[in-house]
Amino acid sequence: MELIFRKIAQLSASLVFVILAATAIVLYISAKPAIEEFGVNFLFESRWGVSEKVELSPSEQEQLESVQGMQGSSASQGDIDDEEDFIMDDEDDFIMDDDDFITDDDMEPGGKQPKVIYGALVPIVGTAFSTLIAMFFSIPIAMGIAVFLSEIAPSAIAKSIGVAIELLASIPSIIYGMWGLFYFGPFIANLFGGNTVSLLVAGLILGIMVIPFMAALSRDAISTVPDMLKESAYAMGATKLEVIKDVVFPYAKSGIIGSIILSFGRALGETMAVAFVIGGVYQFAGKVTDPTNSIPVVLANSFAESSGLSLSVLFYLALVLFVMSFAVIAIAKFYFLRRK
């Protein structure tokens, strides 16, 4: 029985790595056409869905001429065949992506043809800045709530506020998005100027969303500090502030940093709330009160109408978000939680 229990536990732990590897592999395979088409330049290109004329390489020009020759032969043969032979029996099976379809009218002499350009720079910048705004806004408030509940507030007040925090953490993100769009966004616009949907509103909504999550985890971490350590500090004449700063925070550091990292990961990938309030436009925010875009919002808004290369581009963008989240969290855990 002991052996079976150990094997089940080992299998459960291994399943995490299997899911992680499977997700990365599927994203890479689906994004491979876009990776081959755009390469690393995709990360530094700010345009999205813009068509431009590009110069073909000699090999691509030869391939294009051969295809045009085959089309010409097919057209000549078509003059002999009946018209009915060209009617497709099942139109529902024919799917074409307009972004990838090139007609003869689009061709230009000199080896140039239109190419649709996609770039991830605007969503990457929007995701990074909205998450940073959320962290700068939420960390001080969440730490204040955690300290108040665990070290200052009477037990009756701490219990009621703790229940309220847990309720806030359970609110669906779409509710936060609707509230931000119709009430919080206009309030921020009246206060700071700019648009009711903007980078600032998106960052603040994200911050409000992660505050309960971060505060609850930090409170649990602070509650693990032994009373003996705090009483010893008080006996030596330390004040409440000194005990919290020099005893509580150093002891609970790992749990507090872990709560910040988990909250950062949630803010980085949040979709629905941000989709309501960030604006969804493919342009850099010149000011924090300007609208912009983020990676999760682009994915949510574009998947339904994408196919072919444009769908592969979205998988490429999802792969970028996956790598960003994994890299940021891994670096943060290694830097902040490594043992001295």
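Gly180 counts as buried because its relative accessibility is 0%, where buried means under 20% relative accessible area, exposed over 50% and partly exposed in between, computed with a 1.4 Å probe on protein chains only. This is a predicted model, in which local features need pLDDT of at least 70 and side-chain atom pairs count only at pLDDT 80 or more, while totals for chains, interfaces and linings use all residues. Residues are numbered from 1 along each chain as its sequence is written, and side-chain values use heavy atoms, with hydrogens and water left out.

Gly180 lies in helix α5. Helices (H or I, at least four residues) and strands (E, at least two) are DSSP runs, numbered from the N terminus. Leaving aside neighbours within four places in sequence, Gly180 is in contact with Gly185, Pro186, Val201, Ile205 and Val277; contact means heavy atoms within 4.5 Å. Gly180 and Leu204 are separated by 24 residues in sequence and by 9.1 Å in space, from C-alpha to C-alpha.

The axes of α5 (residues 173–192) and α6 (residues 199–222) come within 9 Å and cross at roughly 130 degrees. Axes are lines fitted to C-alpha atoms, for helices over the stretch in contact, and angles run from 0 to 180 degrees between N-to-C directions. The helices α5 and α6 are therefore oblique to each other, given that angles under 35 degrees count as roughly parallel, over 145 as roughly antiparallel, 65 to 115 as roughly perpendicular and the rest as oblique. The crossing of α5 with α6 is right-handed; a crossing is right-handed if the near helix is turned clockwise from the far one by less than a right angle, and left-handed if anticlockwise. On the α5 side, the contact is made by Ser173, Tyr176, Trp179, Gly180, Phe184, Gly185, Ile188 and Phe192. On the α6 side, Leu200, Val201, Leu204, Ile205, Ile208 and Met209 take part. By class, these residues comprise eleven nonpolar, three polar and no charged, where Ala, Val, Leu, Ile, Met, Phe, Trp, Tyr, Cys and Pro count as nonpolar, Asp, Glu, Lys and Arg as charged, and the others, Gly among them, as polar.

Phe187 also lies in helix α5. With 48% relative accessibility, Phe187 counts as partly exposed.

The contact of α3 with α6 has 23 nonpolar, eight polar and two charged residues. Arg219 lies in α6 and is buried, with a relative accessible area of 15%. Beyond neighbours within four places in sequence, Arg219 is in contact with Ala146, Leu149, Ser150, Gly162 and Glu166.

Thr289 is found in the loop between α10 (272–277) and α11 (295–302). Thr289 counts as buried because its relative accessibility is 9%. Apart from neighbours within four places in sequence, Thr289 is in contact with Phe192, Gly193, Gly194, Asn195, Ser198 and Leu200. Thr289 and Val197 are 92 residues apart along the chain, yet their C-alpha atoms are separated by 7.8 Å.

Another helix pair is formed by α7 (residues 227–235) and α8 (residues 240–251), which pack at an angle of about 150 degrees with their axes 10 Å apart. Their crossing is right-handed. Leu229, Lys230, Ala233 and Tyr234 of α7 meet Lys240, Val243, Val247, Val248 and Tyr251 of α8. This contact has seven nonpolar, no polar and two charged residues.

The remaining values describe the protein chain as a whole. Its secondary structure comes to twelve helices and two strands, in the order α-β-α-β-α-α-α-α-α-α-α-α-α-α from the N terminus on. Of the 340 residues in the protein chain, 36% are buried. Among contacts between residues at least 6 apart in sequence, 79% join residues at least 24 apart. The accessible surface of the protein chain comes to about 20,300 Å², of which 64% belongs to carbon and sulfur atoms. Accessible areas come from the Shrake-Rupley method with a 1.4 Å probe, and for residues only the protein chains shown count as cover.
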